[in-house]
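Have the sequence and the 3D view open, and look for each element as you read.

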Amino acid sequence: QAGSVNALMLAIASGNAPDGALGVESRSPVEFAIRDAVYDLSQFKDFEEISKRFLPSVFTPFKYNDGIFAIPETMNFLAMIYRKDIISEYGIPLPNTREELYNYVLPMLYQNGLQFNYPQEFSQFIFQHNAEYYIDDGAKSGLETPEAFRAFREATELYTHYGIPVSANFFSRMRTGEMPIGIGDYNLYIQLSVAAPELTGRWGIAPIPGTYRPDGAIDRSNGGIAGQAGIILNQSQKKDEVWEFLKWWTSTSVQTKFARELEAIIGTEARWNTANLEAFTNMAWKKEDLQVIKE
């Protein structure tokens, strides 16, 4: 397992790279692809069929030119996490859109000495303002467009205009009650589940606030979903065999069995956030939480 990207890069540079690697962080496959160090998995005849196990967008960080250089192992998610007891006590509504957040929720929080957590996660503003990080098939930056400027302005105004803390320990402030609502990810969800027993039954999750589309639907698009991945190294003489292994490892049955056994032995804190969609739904999620995560 490639727990250290530096170690893997050194192995590649020395000509002693392994045939494949697991646990590679999402930004690394393209870094390796630029150096012609990893194999384009889309070259395999059955890649398209295998890719249906995952969300299409989870492959975005693994694309370079016309190739796809990794297969996802794990994935992340963003959700609005809130204290049910405090929100109910003060009659604070859960915002469906950021407009509701700005106009109603934040004023009610501030009037009661409470705070909202918004991580420095820029992608949702980019996508919901119809901007792109890259244009012309990745040849140019898309951050100089008017749409990207509007996204950047709204993201910075969270802190300059609306008084949201630039940095905060959301977990600790959620436990004390001073920050009873905010945006968190999979890691915070697990942390609250196992390390805050006094909050059992007193917190929940909801979809992140979005923006209205022209058709009236709420756009909650955001990035950062990709987690760890598996790759095949170009130096390998056994690419077909490694591909067979990666197909086996990311299959629904194997991922479900691995995740269940891991959680049974270690506990909820070891829940495997598999990128396999069917296996992900087989985990011991609360029914209402799974519906939110799917959305």
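This is a predicted model: local features need pLDDT of at least 70, side-chain atom pairs count only at pLDDT 80 or more; totals for chains, interfaces and linings use all residues.

As background, strands of a sheet pair through backbone hydrogen bonds, in either a parallel or an antiparallel way.

- Start with strand S5, which covers residues 78–83. Five of its six residues are buried, counting a residue as buried when its relative accessible area is under 20%. That is why S5 is largely enclosed by the rest of the structure.
- S5 pairs with strand S9 (residues 181–185) in the antiparallel sense, over five bridges. Within this pair, Met80 sits opposite Ile183 of S9.
- S5 also pairs with strand S10 (residues 203–206), again in the antiparallel sense, over four bridges. Here Ile81 faces Ile205 of S10 as its opposite residue.

**The open sheet S1-S13-S4**

- Three strands make up an open sheet with antiparallel pairing, and their order is S1-S13-S4.
- Strand S1 (20–25) and strand S4 (71–72) are at the edges; each has a single partner strand, so one side of each has no neighbour in the sheet.
- Four bridges join S1 to strand S13 (residues 228–232) in the antiparallel sense. Gly20 has Ile232 of S13 as its bridge partner.

Terms used. Residues are numbered from 1 along each chain as its sequence is written. Side-chain values use heavy atoms; hydrogens and water are left out. Buried means under 20% relative accessible area, exposed over 50%, partly exposed in between (1.4 Å probe, protein chains only). Helices (H or I, at least four residues) and strands (E, at least two) are DSSP runs, numbered from the N terminus. Two strands pair if DSSP finds at least two bridges between them.
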